Amino acid sequence: LFFLFYFMGMIRGGLLFFAGILFLISLIIGNILLTMSMSLNYEDVKIGLSNSAKENINSDFSQEISKMQRDCQNKSEYPLNLNSWNLDSVSVPCNIVSQGQEPVVNYVVGKSIEVEYYKEYNCNLFDCPFSGIAPFVYVSQHAKNYWNRWFYYSLIASLILIAVMFLLIEKKRSIFINVGTLMVFSSLPLLVLNWLVSSFNFADILFSKSKIVFWIIFIFGLVLISIGIALRFWGFLEGGEETSKKEVKEIVKEEVSKQNKKK
């Protein structure tokens, strides 16, 4: 019986370690998915794209603005044809044209980003480049919904793994420290990721909220660790101290000894 309990303990420990590794992987993936989903809000995408868009589009309007202002003397809107920004069906109000180049550029850039962000893309996110739809699809509402959906899948997987770890762990109150510690470790790659993508177009937009997500996960992990430490001192969980593995072995040894004496 002693060896049986010892063998079962080894199996439980191995399964707990494996579940912990899977949980850490699930957390890291979930953190990245949450970061991309949070980063792809319309206002954040608009801010991220505006500066580079204005640089590209200003040169097209430096000579066009005079023609636009002349034509606007007899019109209320100026039909704009700028194929590189998919604005062939967009018209600029003449009251904006009369204000000069900068307001026109701001309006054009804002409209272009809005059109691209809310466009309905009839492709899976990873199939879009093969359909000739890129790169704006990766900073669109279509992409936000895609990453958000996968984040919820990873969240469900993480909750299942927490339940498995709780069943396998010997001292149940330690689950808070274990989960909290793994959450703290899972948040660290976000800092590295933020540094790696900072110089890449579109990638920096995708992970613009990485520091915010880092602090959310990091602080929540510390809170769980604090709860776990408090439970260890107060013996709150399950009404007091649990029977340890060593105590179980001693009980088994004592029962075996009694049976041998009876024989």
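**Leu 159 and what lies around it**

Reply: Leu 159 lies in helix H6. Helices here are DSSP runs of H or I with at least four residues, strands are runs of E with at least two, and both are numbered from the N terminus. This is a predicted model, where local features need pLDDT of at least 70, side-chain atom pairs count only at pLDDT 80 or more, and totals for chains, interfaces and linings use all residues. Residues are numbered from 1 along each chain as its sequence is written, and side-chain values use heavy atoms, with hydrogens and water left out.

Is Leu 159 buried or exposed? Leu 159 counts as exposed because its relative accessibility is 52%. The cut-offs are these: buried is under 20% relative accessible area, exposed is over 50%, and partly exposed is in between, with a 1.4 Å probe and protein chains only.

Now step across to Ser 26. It is 133 residues from Leu 159 in sequence, yet the two C-alpha atoms are 9.8 Å apart in space. Ser 26 lies in helix H1. With a relative accessible area of 11%, Ser 26 is buried. Which residues does Ser 26 touch, leaving aside neighbours within four places in sequence? They are Ser 154, Ala 157, Ser 158 and Leu 161. A contact means heavy atoms within 4.5 Å.

H6 covers residues 141-168 and H1 covers residues 2-39. Beyond four places in sequence, Trp 147 is in contact with Leu 33, Met 36, Ser 37, Leu 40, Leu 125, Phe 126 and Leu 206. Trp 147 also has a ring partner, Tyr 146. Their ring centres are 5.0 Å apart and their planes meet at 80°, so the pair is edge-to-face. Rings of Phe, Tyr and Trp (its six-membered ring) pair if their centres lie within 6.5 Å; planes under 30 degrees apart are stacked, over 60 edge-to-face, and the rest tilted. Tyr 146 and Trp 147 are both buried.

By that rule, the count comes to nine aromatic pairs. One of them joins Tyr 117 and Tyr 118: it is edge-to-face, at 4.8 Å centre to centre and 85° between the planes. Tyr 117 counts as buried, at 3% relative accessibility. Tyr 118 counts as partly exposed, at 41%.

The largest nonpolar core has 46 residues, and Phe 23, Leu 40, Val 45, Leu 49 and Trp 147 have the most contacts inside it. Such a core is a set of buried Ala, Val, Leu, Ile, Met, Phe, Trp, Tyr and Cys residues joined through side-chain atoms within 4.5 Å. H7 gives the most, with eight residues. A second, separate core has eleven residues, including Cys 72, Ile 96, Val 97 and Val 104.

The expected span is 1.5 Å times one less than the number of residues. Buried residues of H7 include Ile 175, Leu 182, Ser 186 and Leu 193. Ser 186 counts as buried at 1% relative accessibility. Not counting residues up to four places away in sequence, Ser 186 touches Leu 24, Leu 27, Ile 28, Asn 31 and Ile 217. Ile 217 is one of the buried residues of H9. The 25 residues of H9 should span 36 Å, and its end C-alpha atoms are 36 Å apart, which agrees.

Last, the whole protein. It has ten helices and two strands. Along the sequence, the pattern is α-α-α-β-β-α-α-α-α-α-α-α. Of its 263 residues, 38% are buried. Among contacts with a separation of 6 or more, 69% join residues 24 or more positions apart. The protein exposes about 16,200 Å², and carbon and sulfur atoms supply 62% of it. Accessible areas come from the Shrake-Rupley method with a 1.4 Å probe; for residues, only the protein chains shown count as cover.
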